Amino acid sequence: MAILVFSEETDGHASASALELTSKAAQLGEVTVFHVGEGSADALAELGAHGATSVHHMDPGDGLPAPAAAAAIADLVGGDAPAAVLFGMGNTDRDVAGRLSARLGRPVLAAAVDLSIDPVRVTSEILGGTQQIITEATAQAPALVIVRPKAFAANDTGGPAPSTTAVAAPDVGRSGSAVVVERHVEEQEGPDLEAANVVVSGGRGLGGPDNWHLVEELAAELKGAVGATRAVVDAGWVPYSLQVGQTGKTVKPTVYIATGISGAMQHMVGMKDSGTIIAINKDADAPIFGIADLGVVGDVQQIVPKLIEALKARS
Amino acid sequence: MKIAVCVKQIPDPATPYELDAESHLVVRPQDQVLDDTDRYGVEIGLQLAEASEGTVTLFSMSPSGSLQGIRQALAMGADKAVLIDDQALRGSAALTTARVLAAAIEREGFDLVIAGTESTDGYTGVVPQQIAEILDVPALSFARRVEAGDGKVTIERQTATGYDVVESPLPAVLAVTAGSVEPRYPTFKGIMQAKQKPIENLTAGDLGFGDDDVGIAGSGQSITAVAPIAGRQAGEIIEDDGEAHLRIVALLEEAKVI
């Protein structure tokens, strides 16, 4: 069974989700990757090492990649269709999945945490991770599946560099007329959020961006990474790259400290599998206390500075 | 500018959702509210319409009989609404939603279609791109800042490492994140006026869809099993008495991270 995996390059590397999906797909059948971006040797080598035998590479240039990528994938799967096309939760992943879905007339099976093929069945967690459903694709192949981050482990099996075919971005007319005129990278300090042993996250309950330094100082003291809820990302306190949750990053650190976070479903889905969860919130009824190993009902602005001082005193 | 804003009525997120044991569909209460994330799209639509002497028409697919969420958006200032409320649409996949909304929008005509990035109850996040593909227009997705004028739209689009500035001619689809603007609250006058504003009711059939194209039959998928997941249990909950930070330090020691 052939499987196609979508991959987007960032900073010369394949996305983490693409490596996870390639590893999983390699267990199920033969993996072809559709890779969007510059096509660096590193990115291609990573895909091969995780089990991709061939890569179709498209450089979208300054165009937003989704319309051209969807058209090119539709061409690829038109003849001998793979069983499934797998996407991560990245913004471009979701854009391409949506475009391709409309182009092929296939549904998108979303938020998968497990997958089997023949027939394609996906397991997903719904209603804030309280219910698990299994959905079977009943339309004609390929099934389009969006998979949650960390649903599968990335396995570097040392595979050789894949055979690479350059794909010209198809002319998609009016749909393709949006262009990227500037690119901005927002610098980050500290350990990688998705790999950190300790994550300290903040939410609206901190009161305002002026108090965000409390989250940063506590994280620094614990050599941990800083995370955030969608609410504070949307409010512009911190960049999207810090967002933990359904539409952000999924984290499973040894210790997760939630400060001023009430526990919206959106957020909890991204951190509920952490080792030890500590939550500080002034509202005793906050849903986050329902999953916390230690819940402290109190004022974040009082407790966090004392905690930082106590940790400093130890070192 | 002729602006179409897609809005979704959802069960109140504060009340727990339930699944119907037979159909595996979310049990939708009679009264539904405007998805909070849609208020941002409505606000941007209103601002762009005010700047261009344009109109804002709401489009919503909602097999619920509820008008509460639509009235909320009309009270903010939208001119009118087109509601596709049809029991045949129950259990529809995201693609069906996109097809139905796109058909209704095309029928009305548009310069710009605005939607939220993803709904609070579904989170699939693919509908705006599906609509754009069906209407054959660019999609400006994950927009956190929006400017429009001179026949084009410019946004800041969230990326994994920062943001891109993206420019597109009109017509286009725009998918905004919450926080892109501060949504206005309806005034008393707005709430009163909303009751008089036109709401056009359509069925899937009015837009040319057959029963097999929509709902569960047209979804291209079937749910084969539903099972509860053993949840994480609540642990110790303490009130801060001024010494709670010491309890946290002790737990951090126990977890061997300090």
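This is a predicted model: local features need pLDDT of at least 70, side-chain atom pairs count only at pLDDT 80 or more; totals for chains, interfaces and linings use all residues.
**Entry: where the chains touch**

I started with the contact between the chains. Chain A gives 81 residues to it, and chain B gives 70 residues. I then looked up which elements of chain A take part. Those that give two or more residues include helix H4 (91–104), strand E8 (131–137) and helix H8 (300–314). H4(A) supplies the largest share of this side, 9 residues. I also sorted the chain A side by residue type. It divides into 36 nonpolar, 26 polar and 19 charged residues.

**Entry: a strand pair across the chains**

Next I followed E8(A). It is joined by 7 bridges to strand E12 of chain B, residues 221–228. The two strands run antiparallel. I picked one bridge to find on screen. Ile134(A) has Ala225(B) as its bridge partner in E12(B).

**Entry: helix H8 of chain A**

H8(A) has 15 residues. From its first C-alpha to its last it reaches 21 Å, close to the 21 Å expected at 1.5 Å a residue.

Which residues of H8(A) are buried? I found Val300(A), Ile303(A), Val304(A) and Leu307(A). They lie on the same side of H8(A), because they cover an arc of only 95 degrees around the axis. I turned to the face away from this buried side. There I found the exposed residues Glu309(A), Lys312(A) and Ala313(A).

What covers the buried residues of H8(A)? The cover includes helix H5 (212–221), strand E14 (255–259), E15 and E16 of chain A. Helix H6 (244–254) of chain B is also part of the cover.

**Entry: nonpolar cores**

In soluble globular proteins, nonpolar side chains tend to be buried together. I looked for this here. The largest nonpolar core has 132 residues. Leu86(A), Val145(A), Val113(B) and Leu174(B) touch the most other members. Helix H3 of chain B, residues 94–108, gives the largest share of this core, 9 residues.

**Entry: Lys150 of chain A**

Lys150(A) sits in the loop between strand E9 (143–147) and strand E10 (163–166) of chain A. It counts as partly exposed, because it has 18 C-beta neighbours inside 10 Å. Buried would need 20 or more. Leaving aside neighbours within four places in sequence, Lys150(A) is in contact with Glu20(A), Thr250(A) and Lys252(A). Last, I looked up its separation from Ala313(A), 163 residues apart along the chain. Their C-alpha atoms are separated by 36 Å.

Definitions and conventions. Residues are numbered from 1 along each chain as its sequence is written. Chains are lettered from A and ligands numbered from 1 in the order in which they are written. Two residues are in contact if their C-beta atoms, placed from the backbone, lie within 7 Å. Helices (H or I, at least four residues) and strands (E, at least two) are DSSP runs, numbered from the N terminus. Ala, Val, Leu, Ile, Met, Phe, Trp, Tyr, Cys and Pro count as nonpolar, Asp, Glu, Lys and Arg as charged, and the others, Gly among them, as polar. Two strands pair if DSSP finds at least two bridges between them. The expected span of a helix is 1.5 Å times one less than its number of residues. A residue is buried if 20 or more other C-beta atoms lie within 10 Å of its own, exposed if 12 or fewer, and partly exposed in between; C-beta atoms are placed from the backbone. The arc is that of the directions from the helix axis to the C-beta atoms. A nonpolar core is a set of buried Ala, Val, Leu, Ile, Met, Phe, Trp, Tyr and Cys residues joined through C-beta atoms within 7 Å.
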